[in-house]
Amino acid sequence: MPELPEVETVRRTLENFVKNKRIRHVDVFYEKMISNDVQSVLIGKTIEKIDRLGKYLIFNLGSHDLIVHLRMEGRFFLKPYDEPRDKHEHVIFYLDDFTMRYHDTRKFGTFDLRIKEDTYKTPPLSLLAKDPFEIDANLFYERIKRKNQAIKTVLLDQKMILGLGNIYADETLFRSKIHPAKKASTLTKKQTKLIIENAKDILRESIALGGTTIRTYTSSLGVTGRFQHSLGVHQKLNEPCPNCQTLIEKQVINGRSSFYCKTCQKR
DNA sequence: CCCGTGCCCTGGCGGC
DNA sequence: TGCCGCCAGGGCACGG
């Protein structure tokens with residue numbers, strides 16, 4: 001599941017190859033992903049650059065932006081024009097001299113076209129909070145105090161704090177020694193600041209290692225992340241805690257699997 | 001407004 | 001070996 005570090009890795013890698021390339025043609029094999037009118041706008045546009053906001057990629061096409069969310073399994077591959085289509089390739093962009101193909105086994109990914117002026121003024125991007133690098137700790141604490149949800153749920157809420165998904169939320173709470181089911185409103189200011197600092201550290205470390213390659217999600221373009229070797233608790237049910245050897249437990253919180261050490265992480 | 005639930009989708013896995 | 005049912009999960013719609 002690509003979170004901020006994985007999406008940043010994709011952005012950096014992909015931009016190297018497709019920057020200043022023109023979209024000559026687009027084939028869509030799953031209509032729910034891109035509608036016909038969107039498709040026609042894309043043709044003839046040049047990919048000027050690729051930005052990222054949280055887990056969204058923003059392809060700058062001059063007058064328009066194409067906003068892409070990879071969700072769980074979305075990936076881009078670069079292939080020659082004549083390479084046969086894989087059954088999970090749902091959108092093929094024919095660029096100047098090769099194709100950029102959107103591959104997504106679960107078809108959860110999304111494409112949204114906006115005229116440039118609207119990109120950051122309209123949903124989904126207009127609704128997003130700031131990421132851990134930009135967020136104001138005092139304001140975040142004020143908002144967290146009024147939340148009746150578990151802190152894990154709050155960290156996954158992109159309107160509260162941007163860029164964390166299930167992996168990095170679990171790891172942030174582990175490093176902060178806070179139980180994922182702890183009510184957000186009971187956190188101290190000190191704990192809130194600790195969460196932000198640890199989230200920054202973890203995201204930075206992961207970006208430096210090319211993200212996390214776990215289970216379903218491997219990046220494309222030959223990039224294999226290495227942060228999975230740094231994980232403390234996520235997906236480590238019944239493995240010993242790296243701090244105290246207590247076996248890692250799992251609890252479903254608001255429908256999301258949450259891994260934690262019951263000894264290190266206080267409720 | 002706030003919060004919880006179900007949905008989207010399909011490969012992979014456990015159980016028999 | 002084969003088949004069935006269930007699970008994973010980010011964001012959003014919906015309902016209490």
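In which hand does α1 pass α6? α1 passes α6 in a right-handed crossing, where a crossing counts as right-handed if the near helix is turned clockwise from the far one by less than a right angle and left-handed if anticlockwise. The model is predicted, and local features need pLDDT of at least 70, side-chain atom pairs count only at pLDDT 80 or more, and totals for chains, interfaces and linings use all residues. Residues are numbered from 1 along each chain as its sequence is written, chains are lettered from A and ligands numbered from 1 in the order in which they are written, and side-chain values use heavy atoms, with hydrogens and water left out.

Helices (DSSP runs of H or I, at least four residues) are numbered from the N terminus. Two packed helices are described by the angle between their axes and the distance between the axes. Axes are lines fitted to C-alpha atoms over the stretch in contact, and angles run from 0 to 180 degrees between N-to-C directions.

The axes of α1 (residues 4-18) and α6 come within 9 Å and cross at roughly 35°. In this contact (heavy atoms within 4.5 Å), Leu 4, Pro 5, Glu 6, Glu 8 and Arg 12 of α1 meet Leu 203, Ser 206 and Ile 207 of α6. The contact of α1 with α6 comprises 4 nonpolar, 1 polar and 3 charged residues; Ala, Val, Leu, Ile, Met, Phe, Trp, Tyr, Cys and Pro count as nonpolar, Asp, Glu, Lys and Arg as charged, and the others, Gly among them, as polar.

For helix α3 (residues 137-145) and helix α6 (residues 189-208), the axes come within 10 Å and cross at roughly 120°. α3 is therefore oblique to α6, since angles under 35 degrees count as roughly parallel, over 145 as roughly antiparallel, 65 to 115 as roughly perpendicular and the rest as oblique. The crossing of α3 with α6 is right-handed. Ala 137, Asn 138, Phe 140, Tyr 141 and Ile 144 on the α3 side meet Lys 189, Thr 192, Lys 193 and Ile 196 on the α6 side, a contact with 5 nonpolar, 2 polar and 2 charged residues.

Helix α5 (residues 166-176) packs on α6 at about 125°, with the axes 9 Å apart, which makes α5 oblique to α6. The crossing of α5 and α6 is right-handed. Residues of α5 in the contact include Tyr 168, Leu 173 and Arg 175, and those of α6 include Leu 194, Ile 202 and Glu 205. By class, the contact of α5 with α6 has 7 nonpolar, 4 polar and 4 charged residues.

Around DNA strand B, the nearby residues (a heavy atom within 4 Å) include Tyr 30, Lys 32, Arg 106, Lys 107 and Asn 254. Polar contacts are pairs of N or O atoms within 3.5 Å. An N or O atom in the side chain of Lys 32 is 2.5 Å from a phosphate oxygen of DNA strand B, and a polar side-chain atom of Lys 107 lies 2.5 Å from a phosphate oxygen of DNA strand B. A backbone N or O atom of Arg 106 lies 3.3 Å from a sugar or linking oxygen of DNA strand B. The surface near DNA strand B divides into 2 nonpolar, 5 polar and 5 charged residues.

DNA strand C has 15 residues around it, of which His 69, Arg 71, Arg 106, Gln 158 and Arg 256 come nearest. A polar side-chain atom of Arg 71 lies 2.7 Å from a base nitrogen of DNA strand C.

How values were computed. Helices (H or I, at least four residues) and strands (E, at least two) are DSSP runs, numbered from the N terminus. A polar contact is a pair of N or O atoms within 3.5 Å; within protein, one must be able to donate a hydrogen and the other to accept it, and residues adjacent in sequence count only if both atoms are side-chain atoms.
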